[in-house]
Amino acid sequence: MEIDVFTLFPEWFAWFTAQRHVGNALADGVRLACVNYREHTPLSAGQVDDTPFGGGAGMLLRVDVVESALRARYGVDPVELPRRRRVIALAPSGRLLDDALVDELAGEGALTLLCGRYEGFDERIVEHFASEEVSIGRYVLSGGELAAMVLCDALLRKRPGALGDERSSAEESFSASLGGDPEYPHYTRPAEHRGWRVPEVLLSGHHERIAQWRRERSRERAERLRGSVGR
Ligand SMILES: C[S@@+](CC[C@H](N)C(=O)[O-])C[C@H]1O[C@@H](n2cnc3c(N)ncnc32)[C@H](O)[C@@H]1O
């Protein structure tokens, strides 16, 4: 799998790629490259942004700058790109990233992530160069870099070998094996601390009862989540 991240801050990703599970994925053949819009701007003095038509606060990433960076990377007119690979513009109002979307993206051979900055993108970037917009939550970050890392992290840990133990990612919150529900609670030693006992069933060694207890806790959490989402 290859992932290209277009950003004004490629150095942010040095920390991310140094993390072990990301390193494992990279060693296993995933390629993660950053492209700096600024290095490809056709404008003078490294300009990449401009003021919005119609007025208003802030600056927007220019369409000609993003086009130039995409052309330099792929050697084609970027309007062709969404037919060749999934091009995701990170945006607070995009499709919400969830486990199903992560699974979908993990199955792609190639991904392009466009990080916005300032007030965001000139809308023509989204309309003509992107396949879709993806959001990591209904709040506003300063830029798409953290959102890109969140997306990559969620996606890379799904790859075989990325985590120490394969089972870690199989039965997790929102996975198909839990019917899309959150994961059940976990406990480890000591079995008692300040009078707080680990549930007896987990110490019983009775696999069927443990599985049933976990399923029930998982469903309870799903119920609670539905209640809090509705609020
Ligand atoms: C300050 S934000 C722009 C917010 C935009 N003016 C708005 O109100 O929707 C700058 C960039 O950060 C990224 N970003 C911010 N919040 C995000 C989120 N929740 N999910 C994904 N990307 C986000 C996007 O790439 C966006 O273009």
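Asp 4 is buried, at 0% relative accessibility. This is a predicted model. Asp 4 sits in strand S1, and its side chain makes a polar contact of 2.6 Å with that of Tyr 74. Tyr 74 also pairs with the ring of Phe 6. The points below follow these residues into helix H3.

**Asp 4 and its surroundings**

- Beyond neighbours within four places in sequence, Asp 4 is in contact with Arg 31, Ala 33, Arg 73, Tyr 74, Arg 85, Leu 111, Thr 112 and Leu 113.
- One of these contacts, Tyr 74, is also the partner in the 2.6 Å side-chain polar contact.

**Aromatic pairs**

- The model holds three aromatic pairs.
- Phe 6 and Tyr 74 form a tilted pair, with 6.1 Å between ring centres and 40 degrees between planes.
- Phe 6 belongs to strand S1 (residues 2-7) and Tyr 74 to helix H3 (residues 63-74), so their pair ties together parts 68 residues apart in sequence.
- Phe 6 is buried, with a relative accessible area of 0%.
- Tyr 74 has 18% relative accessibility. The cut-off for buried is under 20%, so Tyr 74 counts as buried.
- Phe 9 and Trp 12 also pair: their ring centres are 5.9 Å apart and their planes stand at 40 degrees, so this pair is tilted.
- Phe 9 is partly exposed at 25% relative accessibility. Trp 12 is partly exposed too, at 35%.
- Ring pairs join Phe 6, Tyr 37 and Tyr 74 into a cluster.

**Helix H3**

- H3 has twelve residues. From first C-alpha to last, the helix reaches 16 Å, close to the 16 Å expected at 1.5 Å a residue.
- Its buried residues are Val 63, Val 65, Val 66, Ala 69, Leu 70 and Tyr 74.
- An α-helix has 3.6 residues a turn, so residues three or four places apart point the same way.
- The cover over the buried residues of H3 includes strand S1, strand S4 (60-61), helix H4 (81-84), strand S6 (110-114) and helix H6 (123-129).
- Just after H3, Gly 75 takes a positive phi of about 70 degrees.

- The Tyr 74 side chain has a polar contact with Asp 4, and its ring pairs with Phe 6.

Definitions and conventions. Residues are numbered from 1 along each chain as its sequence is written. This is a predicted model: local features need pLDDT of at least 70, side-chain atom pairs count only at pLDDT 80 or more; totals for chains, interfaces and linings use all residues. Side-chain values use heavy atoms; hydrogens and water are left out. Rings of Phe, Tyr and Trp (its six-membered ring) pair if their centres lie within 6.5 Å; planes under 30 degrees apart count as stacked, over 60 as edge-to-face and the rest as tilted. Helices (H or I, at least four residues) and strands (E, at least two) are DSSP runs, numbered from the N terminus. Buried means under 20% relative accessible area, exposed over 50%, partly exposed in between (1.4 Å probe, protein chains only). A polar contact is a pair of N or O atoms within 3.5 Å; within protein, one must be able to donate a hydrogen and the other to accept it, and residues adjacent in sequence count only if both atoms are side-chain atoms. Contact means heavy atoms within 4.5 Å. The expected span of a helix is 1.5 Å times one less than its number of residues.
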